[in-house]
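Dear colleague,

My notes on what was found in it follow directly after.

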Amino acid sequence: MKLLLLGDEAIALAAIHSGISGVYAYPGTPSTEITEYIQNRQKADPASERIFCKWCTNEKTAMEAALGMSYMGKRALVCMKHVGMNVAADAFVNSAMTGANGGLVVVAADDPSMHSSQNEQDSRFYGKFAMIPVFEPSSQQEAYDMVRDAFEFSEQNRIPVLLRITTRMAHSRAEVETREDILPQKQISYPENPRQWVLLPANSKVRNDQLIKDQEVFEEGALNDPRNRFMPGEDKSLAIVTCGIAYNYLMENFPNGVPCGVLKISRYPIPRRLVKTMEAEGINRVIVMEEGQPLVEEMIKGMISSDIQVDGRLNGILPRAGELSPDCVRAAVRLAPHKTFPKDDIVVPRPPALCQGCGHRDMYAALNEVAAEYENSRVFSDIGCYTLGALPPFRAINTCVDMGASITMAKGAADAGQFPSFAVIGDSTFTHSGITGLLDCVNSNANVVIIISDNLTTGMTGGQDSAGTGKLESICAGVGVDPAHIRVVVPLPKNMEEIKNTIREEVEYKGVSVVIPRRECIQTFKRHAKEKKK
């Protein structure tokens with residue numbers, strides 16, 4: 001069957017067809033649609049074999065839960081955006097040491113050009129660092145096909161596999177030919193060697209030696225993968241190395257065939273023999289085209305003769321930062337640029353803004369008024385819709401670094417003598433990685449006011465379930481916050497004086513205060529209202 005699918009949807013459908021028993025994820029663009037697709041398929045087909053597909057509290061819990069399912073001999077998929085790999089890193093890196101039992105595939109969706117992210121890190125480094133095989137599709141069809149291969153390779157070699165995609169792969173559509181041989185879920189089976197799942201030093205040393213030996217096996221697998229191949233060309237002086245979606249950009253510019261040799265890489269570790277095949281053509285120059293950081297560019301330099309010139313992102317042949325595109329690839333191979341049209345003066349930049357009717361707006365309006373009453377007040381914020389409070393008309397926040405950092409940064413500032421020290425965090429981000437920061441505040445009785453802006457959902461990524469819904473007061477009290485200083489308000493213009501007075505009172509309290517402005521996200525409110533009318 002042929003279907004028109006997003007890259008994310010192709011991965012999700014392939015995982016279902018590969019017999020997964022669970023998908024574990026925390027929503028993050030551009031990975032969110034993978035889990036949503038599986039959830040929607042389950043709703044549309046209640047008779048289908050059940051797949052566990054609820055959102056996790058964060059990426060670390062997702063990775064660990066999937067590792068537990070793998071331990072039981074069943075196949076599991078883990079999905080996250082690139083910065084989520086930082087959160088999952090402890091479990092991910094150690095999963096190379098435990099190995100896998102049931103197939104375990106981790107999808108990392110990178111975001112070059114930072115369309116919705118605070119950096120553009122390259123997840124392939126995590127695969128190299130952990131010594132875990134990496135698959136990187138160049139098309140939606142390859143993404144679909146790779147998922148089945150990745151699960152099978154994971155089980156055969158008892159190792160997790162990282163599947164790395166980027167924004168354009170995740171969010172563009174193409175025709176995908178699906179398989180007819182849909183696999184059932186695996187039965188429970190325990191690991192043959194349970195000792196390797198107990199990472200005491202004595203066991204880890206043995207496992208580490210085996211993991212190093214297995215690198216040859218992983219490289220051989222990449223060498224024998226037909227998606228990794230060298231295609232000779234008439235021009236023997238030049239070769240182009242393409243990684244992932246860069247291959248599509250190159251071929252778009254050469255519909256009748258590339259005149260020089262092309263080394264296509266869609267799987268790592270890089271097969272050295274393929275690189276040597278390219279070198280044997282007698283080339284004197286290589287251009288490396290890859291999304292993200294110059295990982296392959298640097299590695300290629302160490303694999304071929306120093307007499308061969310290696311060009312790419314490092315020397316400016318391709319842009320050092322941001323996404324690749326057919327146009328910048330075209331410039332790199334010295335083709336004349338396509339004709340373009342001038343920008344229309346009518347079209348003006350439109351920065352993102354908080355939705356009209358959003359509760360975060362009323363929260364910031366009140367916070368700004370109170371903060372202005374104090375000299376040098378500081379607001380430490382976090383990752384979520386409310387990060388838009390940094391922009392006009394509010395200009396309300398001073399920092400935004402990573403998930404959960406608002407609370408701990410506010411604490412550190414208070415420790416240094418800052419007063420007042422505010423933290424603004426969303427309900428989903430709070431349960432993701434803010435609770436431990438709150439515990440630090442309680443343990444040192446930090447003089448901070450923590451505002452958990454609760455819109456009852458994970459609004460930034462489309463309204464997924466939030467782990468803390470209905471539990472925030474209990475969580476804060478359980479961590480040790482004095483219940484008298486856990487205050488709930490309703491962020492509406494008519495309640496503005498009450499909200500401001502509540503914040504003022506908690507600023508004057510010398511200890512840990514939590515203010516929870518709670519009102520449903522306007523987008524999910526509209527959605528739920530429509531559903532009720534049906």
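Ser-113 lies in the loop between β4 (104–110) and α5 (124–130); helices (H or I, at least four residues) and strands (E, at least two) are DSSP runs, numbered from the N terminus. The phi angle of Ser-113 is near 80°, a positive value in a residue other than glycine. With a relative accessible area of 32%, Ser-113 is partly exposed; here buried means under 20% relative accessible area, exposed over 50%, and partly exposed in between, with a 1.4 Å probe and protein chains only. Asn-376, in the loop between α13 (359–371) and β14, also is not a glycine and has a positive phi, of about 60°. Asn-376 is partly exposed, with a relative accessible area of 48%.

Please note that this is a predicted model, in which local features need pLDDT of at least 70 and side-chain atom pairs count only at pLDDT 80 or more, while totals for chains, interfaces and linings use all residues. Residues are numbered from 1 along each chain as its sequence is written, and side-chain values use heavy atoms, with hydrogens and water left out.

One runs from Pro-392 to Pro-393, with omega near 5°, and Pro-393 lies in the loop between β14 and α14. Another joins Phe-419 and Pro-420, with omega about -10°; Pro-420 is found in the loop between α14 and β15.

An open sheet of 5 strands has the order β14-β15-β16-β18-β17, with parallel pairing; two strands pair if DSSP finds at least two bridges between them. At its edges are β14 (378–380) and β17 (486–489), each of which pairs on one side only. Neighbouring strands of this sheet are turned by 20° against each other on average, direction ignored; axes are lines fitted to C-alpha atoms, for helices over the stretch in contact, and angles run from 0 to 180 degrees between N-to-C directions.

Strand β16 (residues 448–453) is joined to β18 (residues 512–517) by 4 bridges, and the two run parallel. The bridge partner of Ile-450 in β18 is Val-514, and Val-448 stands opposite Val-512 in β18. Helix α14 (residues 405–415) packs on the sheet and touches β14, β15 (421–426) and β16; the direction of α14 makes about 175° with that of β15. Contact means heavy atoms within 4.5 Å. Helix α17 (residues 472–479) also packs on the sheet, touching β16, β17 and β18, and its direction makes about 165° with that of β17.

β15 and β16 pair in the parallel sense over 5 bridges, and Phe-422 stands opposite Val-449 in β16. How many residues of β16 are buried? The count is 6 of 6, so β16 is largely enclosed by the rest of the structure. In a regular strand the side chains alternate between the two faces of the sheet. In β16, Val-448, Ile-450 and Ile-452 point one way and Val-449, Ile-451 and Ser-453 the other way, and all are buried.

The nonpolar cores come next. A nonpolar core is a set of buried Ala, Val, Leu, Ile, Met, Phe, Trp, Tyr and Cys residues joined through side-chain atoms within 4.5 Å. The largest has 106 residues, of which Ile-38, Leu-77, Phe-92, Met-278, Met-289 and Val-296 touch the most other members. Leaving aside neighbours within four places in sequence, Met-289 is in contact with residues including Ile-240, Val-241, Cys-243, Leu-250, Leu-318 and Val-333. A second, separate core of 46 residues includes Ile-407, Ala-414, Phe-430 and Val-479.

Finally, some values for the chain as a whole. The chain has 19 helices and 18 strands. Its radius of gyration is 25 Å, close to the 24 Å that the globule rule gives for 534 residues, so the chain is as compact as a globular protein of that length; the radius is taken over C-alpha atoms, and the rule is 2.2 Å times the number of residues to the power 0.38. Along its principal axes the C-alpha trace spans about 75 × 65 × 55 Å. Of the 534 residues, 55% count as buried. Among contacts with a separation of 6 or more, residues 24 or more positions apart account for 78%.

Yours sincerely
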